[in-house]
Amino acid sequence: MYNKAIDIVLKHEGGYVNNPRDAGGETNFGISKRAYPYLDIARLSKDVAAEMYRRDYWEKCQCDRIPRGLDLCVVDFAVNAGVSRASKVLQVVVGAEPDGIIGSKTLRLVADDTDVLSMITHYHRLRQAYYESLDSFHDFGRGWTRRNNEILKESLTWIS
């Protein structure tokens, strides 16, 4: 599912941008200079970005061990808001201690919850609430909301 998920993430992230209002600063395929100061962001290839997403987001969020659909929600939010925040939201959804690290306890709670639809919709609501709490929502909120809604719609097709 990684390849399908990353195609969707990359579609949302787009290409090279250097928006002074964006806290990430210079970005390419969603990879930011702030997060990776040693990279030549302008020359970053799509393939390298995809491998970075696998290593630094998909694997750290244990997405291979999360139900289909929910994995897309988690990895997309991790890319957009950070692995720790995306992990904490998942932990709140399943009733785990929100420490920002998806470990065996969180995975056990995810596996025990057979209502993937409910987990996805709860995740979507918490993600939206996070966006709306940000001072920069007035600048970027419309795009974040659209992205969150598109991820919800897509993730629901993965479970049906």
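Residues are numbered from 1 along each chain as its sequence is written, and side-chain values use heavy atoms, with hydrogens and water left out. Because the model is predicted, local features need pLDDT of at least 70 and side-chain atom pairs count only at pLDDT 80 or more, while totals for chains, interfaces and linings use all residues.

**Exercise 1. Overall form**

Determine how many helices and strands the protein has, and how its radius of gyration stands against the globule rule.

Solution. Begin with the secondary structure, in which helices (H or I, at least four residues) and strands (E, at least two) are DSSP runs numbered from the N terminus. The protein has 7 helices and 2 strands, and along the sequence they follow the pattern α-β-β-α-α-α-α-α-α. Next take the radius of gyration, computed over C-alpha atoms, and the globule rule, which is 2.2 Å times the number of residues to the power 0.38. The radius of gyration is 15 Å, close to the 15 Å that the rule gives for 160 residues, so the protein is as compact as a globular protein of that length. The C-alpha trace spans about 45 × 30 × 30 Å along its principal axes. Finally, with contact meaning heavy atoms within 4.5 Å, residues 24 or more positions apart account for 52% of the contacts with a separation of 6 or more.

**Exercise 2. Helices α3 and α6**

Describe how α3 and α6 are oriented to each other and which residues meet.

Solution. Axes are lines fitted to C-alpha atoms, for helices over the stretch in contact, and angles run from 0 to 180 degrees between N-to-C directions. The axes of α3 (residues 70-81) and α6 (residues 116-133) come within 9 Å and cross at roughly 15 degrees. That makes α3 roughly parallel to α6, given that angles under 35 degrees count as roughly parallel, over 145 as roughly antiparallel, 65 to 115 as roughly perpendicular and the rest as oblique. The crossing is left-handed, a term used if the near helix is turned anticlockwise from the far one by less than a right angle, with right-handed used if clockwise. On the α3 side the contact is made by L70, C73, V74, D76, F77, N80 and A81, which meet M119, I120, Y123, R127, Y130 and Y131 in α6. By class, this contact has 10 nonpolar, 1 polar and 2 charged residues, where Ala, Val, Leu, Ile, Met, Phe, Trp, Tyr, Cys and Pro count as nonpolar, Asp, Glu, Lys and Arg as charged, and the others, Gly among them, as polar.

**Exercise 3. Helices α4 and α6**

Work out whether α4 and α6 are parallel or oblique, and list the residues of their contact.

Solution. The axes of α4 and α6 lie 9 Å apart and pack at an angle of about 130 degrees. The two helices are therefore oblique to each other, and their crossing is right-handed. From α4 the contact takes R85, A86, V89, L90, V92, V93 and V94, and from α6 it takes M119, H122, Y123, L126 and Y130. These residues divide into 10 nonpolar, 1 polar and 1 charged.

**Exercise 4. Positive phi**

Locate F29 and Q62 and decide for each whether the residue is buried or partly exposed.

Solution. Most residues other than glycine have a negative phi. F29, however, has a positive phi of about 55 degrees; F29 is found in the loop between β1 (27-28) and β2 (31-32) and counts as buried at 17% relative accessibility. For Q62, phi is near 60 degrees; Q62 lies in the loop between α2 (46-58) and α3 and is partly exposed, with a relative accessible area of 24%.

Technical notes: Buried means under 20% relative accessible area, exposed over 50%, partly exposed in between (1.4 Å probe, protein chains only).
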